[in-house]
Amino acid sequence: MEGLLIKFLLLFLIPVVSFADAKVIMVKYMNTPWGHVHQNSSRYSASLTTVSCGHPLKVLELNNKGWTKVIAGPYTGFVQENNLVSKKPECLQDKYPRFFDDLKLEITQMYYWGKLYDQYVEGKSRLK
Amino acid sequence: MIKILIFFLLSQSVFAQTKPDELVDFSSIKDVLKNDRLDESVRIKQEKNEKLRIQKARASKARFNIPGENDFWQIMSELWLVKNQQILKWDFQKPDFGLDTAFQDFLEKQGLLEKSFKILLIDSANVTHFALPTTANHYLLILSLPFIRTLDLSKLEISLLLMEDMVRADAELFKSHIRPTAKDLIGTNYVGGTLDLKKIESVLKKYDEMILDKGFTFSQQFEITKHMDRTLKNNQELWGTYYRLIVKIDKLVKENALYKNLARIYPSPELQLNWLTPSKSNDL
């Protein structure tokens, strides 16, 4: 009986301890119209969830080879660093809220819109 | 006690002087009120309330704004890409070709600075290469992986192809084709009405028409080729690479049925070679 009680207590304690281990460094915001939280730090890894622009994400690990480990709701995953910003961005969905509502985008379209930003090869020519 | 009684009597006599039905005349104290600046404070309060009301009305109306010129093209181009994912097949796994750094270096060497670009590689031959309209100083470039593999293009050749697309984007050839259809939408407001989705569909159909079917005109293509000619002539090696690239494309459209459409979108590689060769120049 005592052993069962200990197991029962451990069952409650382990998630609490592991959650406490995951230290939130800061909060960052999604800066693309839609974006994905990936299972692993790869643009081709499975998407855990799709979040829209301006969504706050708790950062656990900062920029590791272009990827940031975050908590988004119940999910812990990875987001491309260049899709995140430190201050709440001015999102297109906030600038034109009714327009985006009335476009009546399907969930799959939001999913693919997020995927676009995974697939883009981005760059900028600069003054040297 | 006597004092209280006198005070009570006096106050009664004062109240007795004002009759209940008589209107109180404030004109005698108007100056006093003015000096108190009560009128002024009322006016300031009213102005403040009016400003707030106007601001609220404006914010409420702004919720129904349709994106203006700067945001409209980005939204429409990305919406078109999302809706055409099955045709373009851009959601696929591929190795890192290092295109970002190669193209960035190329632009810097050409003096094309502070240009942001997004390249979307597609696993389809339906579109070979194209610049979609987007925000100012930004370029949204589609590039077909089967196309560059079939032609075995080097990074320099790819960069030249993308630069050609950038020149087309700067000339706003695509935008000018779609603007007549989109002008009723760009930067307008539909408060009190509904968003006309048919108009959005018409804009997206124009995208289809331009990218998948009609493409550019001969005169537009002539201007672009001449611009590339003038820009690249300063560097003979680069000009030679561009010329050989067009030779490759010309051969491809003549020999490979899969890319026959390419000569319709960009008419035509054969003419481009004529325009580039001084001895055979064939000005329009």
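Predicted model: local features only at pLDDT ≥ 70, side-chain atom pairs only at ≥ 80, totals over all residues.
**A tour of chain B**

Start by colouring chain B by its domain assignment, automatic or from a database: domain 1 covers 2–62 and domain 2 covers 69–281. Residues are numbered from 1 along each chain as written, chains are lettered from A in the order written, and side-chain values use heavy atoms, without hydrogens and water.

Next, select residues 218–232 of chain B, helix α11 (helices are DSSP runs of H or I, at least four residues, numbered from the N terminus). From first to last C-alpha, its 15 residues reach 21 Å, close to the 21 Å expected at 1.5 Å a residue (1.5 Å times one less than the number of residues). Show side chains for the buried residues, among them Gln221(B), Phe222(B), Ile224(B) and Met228(B) (under 20% relative accessible area, 1.4 Å probe, protein chains only). The buried residues of α11(B) pack against α8 (155–170), α9 (173–182), α12 (236–255) and α14 (269–276) of chain B, with contact meaning heavy atoms within 4.5 Å.

Stay on Gln221(B), which also lines the largest cavity. Other lining residues include His129(B), Glu164(B), Arg168(B), Tyr266(B) and Gln272(B). Two or more lining residues come from each of α8, α12, α13 (262–265) and α14 of chain B. The lining divides into 6 nonpolar, 3 polar and 2 charged residues; here Tyr and Pro count as nonpolar, and Asp, Glu, Lys and Arg as charged.

Note on methods. Buried < 20%, exposed > 50% of the residue type's maximum accessible area, 1.4 Å probe, protein only. 1 Å grid on protein atoms, 1.4 Å probe; cavity = no way out; pocket = protein on both sides within 12 Å on 5 of 7 lines; lining within 4 Å.
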